[in-house]
Amino acid sequence: MLARLRSMVPALLVVLVVAAGMWAVSFPNEPPADFVFINGTEPRSLDPQRVTGQPEGRLVGSLFEGLLRWDPRTLEPRGGLAKNWTVSADGLIYTFYLRPACWSDGEPIDAFGVIAAWRRMLDPATAAEYAYQIWSVKGAKNYSVGLIAKGDFVEVELDGPPVDPQLPFARGRVVRGVLENIDSLDSRDNSSLSREPTREGFSDQWIYTVNGQRYAAASHASTRTGDAIAARCILPDFQTTVGLHAQSDTLTVELQRPTPYFPQLLAFYPLAPVPMHVIDRYGSPGWTSQKHMVSSGPYRLGFRRLRDRIRLVRNDLYWDRESVKIGSIDALAIESSSTAFALFTTGAVDWNTSIPPFAARTLIKRESPELRTSPELTIGFYRINTTRAPLSDKRVRQALSLALDRTDIVQTVFGPGEVPSKSFVPSGIESFTGYIPAATIQENADLARQLLAEAGFPKGKGFPRITLSFNADEGHQMVAELVQAQWKEQLGIDFELVSMEWGAFLHSQSTLDFWIARSGWIGDYVDPNTFLDLFVTGGANNQTGFSSDSYDALIAAAADETDRNRRNNLFRDAEMILMQELPVLPLFVRTSKNLVAPWVRNFHNNPLDIHPLSALDIDSQARDIGRRGGR
Amino acid sequence: MKFIVRRIAWLAIMLWTVFTISFFLMRAVPGGPFSSERQPPPEVRKAIERRYQLDAPLWRQYFTEMGRLSRGDLGQSFRMADYTVAEVIAAGWPATVTLGTMALVVALVIGGGAGVISAARPGGVVDVLMRSASMVGIAVPSFALAGLAVLLFVYQWHLLPAAGWGDVAHTVLPASCLGLAYAAEISRLVRSGLLEALQSDWVRTARSKGAGRWRVVVVHALRGALGPVVSFLGPAIAGILTGSVVIEKVFAIPGIGYHFVEAATQRDYTLAMGLVLLYTLLLGVLGIVVDVLQVILDPRVSLER
């Protein structure tokens, strides 16, 4: 038996190799897409409420229509699902009039659906990272954080089967009423009275009494809960506490405070309504699968191949289908910028969103027509840890800023055309908002040396050896080396450069475990607030330890101000403080760089680097010639 | 039989050890699956951590995860939230197997061919050239080879696509870069095996019966020289499997190797864990299969001591 097997082995081996080879080269045959672009990293999800990144935004923004949408040229919010809208004089009440529109499965979209989708976004169980984008709506923050106290009108989501068996993933049955009491789980424990919760989230430590009925957390299956009914969650009552009201095709939104950029938030993809009829049926993330996904935007999902491509196909039920030119689009998930560059140069893709720095410098010098650059609403800066001496001394921070030659840095690292920044808010914001950034940063090495001497470090003597950290990247490294050299030459201070892996780098910033660290901020919307509210005391993105009462007061005052000029002035005063105190060293305004094939039409540069796919068009004849020849 | 049972038991212990070490190593590295340059408000952050049970004490997370994994549930990917780890593996598996198979074919065909040609005239110009080439092939790492190959075949001669996945043309460069090192090894094995076989009695018999030189080499001697090649296949497959991690990243091939690299850098705890265990399992099973095969192939080898 074994001997016969042995004699057959060579023949078996040959057959196996041939068969494996044949199998290996059999690929499914799919027609290529009309337009192919590099989308960067594989998207985290296609659920608009669960993503935050740019690669996700390009896809989600094409699959889902917001109430409003950006004009690709001017970035002005235009009608989307809403055909028009009005604002009350005090800037607090927005009324949206919805146009007749439907999901790609034919289900109509109405104002109730919009509210249901936003409720899902605010539900703590959804854990939407961008939930705070609608916290400007009255009551929204409270609902999303889930704080409740005795006497509040609340809603109890019961544990158990959903109301409609057709929708197994819908919310549980909801009971509404007044929260009468919060007791300790253990009835004998009288000490609970002294530490009754003032205002906190639903927890399994307590028993809640609503309308005379006792409720306890479902996760806490215990005999100690007695007659209490199992509840999944108790939240402030959505209908009565959150400022959203619907009437078939009219949606009224009541804001907490005037928010001049509210229409812009509505054009931003996280607030695009999601199809609750599909989500309740297939659950999350089940609804995002190729089989079940239903969309409302100019495109629908063709297919998804992990870390390969996502195919978008024109949505024939989209309300504005006539204006969508390109029939099918492939978004390639390619992380490496040199691979992306190779694909673009060989004509395999039509739009490349990530360019390696070495290639960018050459392309800029050659003035390549395919390279589209535009100053972005993005600031590249260094964070200073103001909680550590000697950086806690304002004079030291000012000296560090004064000693820099920003023009030299950007010219050397990025080549011509890049803009050094003398303010924290990028200068490009002026034409959109009328806000003139406080460009008060000076560069003066003599003054720098003088301030450093006053702080006790004449010619850098006695200055401790501290670090300048950045995440591993060719460009960041070059900037850091130049900064290091300038500080050494002008101030006599020797910084140690530390290149860090991305995750570790982020961790060091959020825990304030750094001295000086490279950073960047992309504006979420076109308004100075997106840059300046970062540095309020205790802000999640402050990460410098900076705290100033007058700064906090100015940002808070601006939030309540409806007059545009007065509001801009408040922001300007705040930015002046920031540029005096310098917890951050602004370096340059980042420039968006896109490589766009010559046959692509309607590609408009804009400061948010947003290019809705539905606006693009291609000259297919020129493309076929170009693709064959390569470049 | 007893041997196989014992090996499987060892494999189970190995899986548990790998799981424990990876679990604590992953958590010890700073940063988490939800670190981002834009920090959400602390309340939102808390909601996210609660949803993924990252707020529980480490020991509880450890036992929860061990319980889940022992039921065969690899969990939901953190970074690709729309997919379970099992779905990611199912989606990536075909590409990795295709690439590995192609690489193995490249290794066998080129390596075997080169070995035969070398052995036909030992010490000749062709032999010396082939042997030097194989030396270089073994020494140069595959990613360096990949860079060079892209420069020549993509940029210089516009012959092959730079990266991506979808048709046969996409497999040529990565499979060659991955397979060539093994082709070099195989050519050396075939050459030395052949030279040894050519000295043997049965070959002398074949020669004396008047068989031509090529016929002697290919039909009579090669069969005897295959033994070492077959036993080298085990390590070669293991090497190709792990080597494809690098090659898949370079050529943007959506296989499990690429997922593995990204899972590590993106702190996708569940996906990284699933893939680490998958690799452990594969290499373990491969080892057992090779040992069993050797018994079948070579009468001199026995499993029971």
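**Figure 1. The contact between chain B and chain A in the predicted model.** In this predicted structure, 51 residues of chain B are in contact with 45 residues of chain A. On the side of chain B that touches chain A, at least two residues each are supplied by α2 (42-51), α4 (85-120), α6, α7, α9 (213-250), α10 (256-265) and α11 (269-297) of chain B. The largest share of this side, 8 residues, belongs to α4(B). Classified by residue type, the side of chain B that touches chain A comprises 29 nonpolar, 13 polar and 9 charged residues.

**Figure 2. The packing of helix α6 against helix α7 in chain B.** Helix α6 (residues 142-156) of chain B packs on helix α7 (residues 168-198) of chain B at an angle of about 140°, and their axes are 9 Å apart. α6(B) is therefore oblique to α7(B). The crossing of the two helices, α6(B) and α7(B), is right-handed. From α6(B), the residues S142(B), L145(B), A146(B), A149(B), V150(B) and F153(B) meet L173(B), S176(B), C177(B), L178(B), L180(B) and A181(B) of α7(B). This contact of α6(B) with α7(B) contains 10 nonpolar and 2 polar residues, with no charged residues.

**Figure 3. The contact between domain 1 and domain 2 of chain B.** The domain assignment divides chain B into domain 1 (2-70) and domain 2 (88-297). The C-alpha centres of domain 1 of chain B and domain 2 of chain B are 34 Å apart. To their contact, domain 1 of chain B contributes 13 residues and domain 2 of chain B contributes 12 residues. The side of domain 1 of chain B that touches domain 2 of chain B consists of 9 nonpolar, 3 polar and 1 charged residues.

Methods: Residues are numbered from 1 along each chain as its sequence is written. Chains are lettered from A and ligands numbered from 1 in the order in which they are written. This is a predicted model: local features need pLDDT of at least 70, side-chain atom pairs count only at pLDDT 80 or more; totals for chains, interfaces and linings use all residues. Domain bounds come from an automatic or database domain assignment. Two residues are in contact if their C-beta atoms, placed from the backbone, lie within 7 Å. Ala, Val, Leu, Ile, Met, Phe, Trp, Tyr, Cys and Pro count as nonpolar, Asp, Glu, Lys and Arg as charged, and the others, Gly among them, as polar. Axes are lines fitted to C-alpha atoms, for helices over the stretch in contact, and angles run from 0 to 180 degrees between N-to-C directions. Helices (H or I, at least four residues) and strands (E, at least two) are DSSP runs, numbered from the N terminus. Angles under 35 degrees count as roughly parallel, over 145 as roughly antiparallel, 65 to 115 as roughly perpendicular and the rest as oblique. A crossing is left-handed if the near helix is turned anticlockwise from the far one by less than a right angle, and right-handed if clockwise.
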